[in-house]
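Have the sequence at hand as you go through the points.

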Amino acid sequence: FEDFEGLSVQMQNGQHIHSEETTDPDGNAWKLQLFPCGYRSEEEGWVSIYLKYAEKNNVLATFSFIMRNACGGVHTEVNYEGPVYLFKEGGGAHGNSKLIKRSEILDGKNDILCDGALCFDVLLQFEEQSSLYKPSGSVLTKML
C-alpha cells in the first residue's frame, strides 16, 4: 500500500482501500482490504486488514498475513490456522481489526515502511469442501 503515511492522514476510521486484485493458482480472485485508521470506532488508532474474496463460489481456507519490514523481512505474522474460514461468494472477507497500532507503523525507528509503502504477503491454504447433509424436513418442527 503506497504512501501509508498519507493514507493515514487523508482517511478516517471506517474508510478503506483495496490492493490490486490477484489470483490464486485455481484462478480465484482476491484482494486485501486495508483500513489505515481502523475498521470501527473501537479500532481507531489501529490498522485493520481483511482478505476479501470476489468469486461466484464458496471457498474454505485458512490464511496468514505477513507484514514486511523495510528490508523485506517479517515484521508481523498473523496466522489464522485454527478454524477454517468460509469465504462466501461475491465478497466474503475475514481478517484482523487490530493488526498493529498505526503509530507503530509510522514510527521511523521501527523500520516498517519501505519507501513509504506498507507491504504484505498472504499465505492461503484451501480446504476440501464436503457436501453438507440437509434433511428434507425440519427435525425441529417435527419434534415440536
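This is a predicted model: local features need pLDDT of at least 70, side-chain atom pairs count only at pLDDT 80 or more; totals for chains, interfaces and linings use all residues.

1. Numbering runs from 1 along each chain as its sequence is written, and side-chain values use heavy atoms, leaving out hydrogens and water.

2. Back to Asp-115, which sits in the loop between H2 and E8 and is exposed at 78% relative accessibility. (Buried is under 20% relative accessible area, exposed over 50%, partly exposed in between, with a 1.4 Å probe and protein chains only.) Asp-115 also has a positive phi of about 50 degrees, though it isn't a glycine.

3. Asp-111 lies in that loop too, between helix H2 (102-106) and strand E8 (120-126). Its phi is positive as well, about 55 degrees, and Asp-111 is not a glycine either. Asp-111 is partly exposed, at 38%. For background, most residues other than glycine have a negative phi.

4. How many salt bridges does the structure hold? There are three, counting a side-chain nitrogen of Lys or Arg within 4 Å of a carboxyl oxygen of Asp or Glu. Arg-40, Glu-42 and Glu-43 are linked in a network: Arg-40 meets Glu-42 at 3.2 Å, N to O, and Glu-43 at 2.8 Å. Glu-43 is buried at 3%, while Glu-42 is partly exposed at 49%.

5. Asp-121 pairs with Arg-68, the closest N and O atoms being 2.7 Å apart. Asp-121 is in strand E8 and Arg-68 in strand E5 (residues 59-68), so this bridge ties together parts 53 residues apart in sequence. Both are partly exposed, Asp-121 at 32% and Arg-68 at 22%.

6. Now zoom out: the chain has three helices and eight strands, running α-β-β-β-β-β-β-β-α-β-α from the N terminus. These are DSSP runs numbered from the N terminus, helices (H or I) of at least four residues and strands (E) of at least two. Of the 144 residues, 35% are buried.
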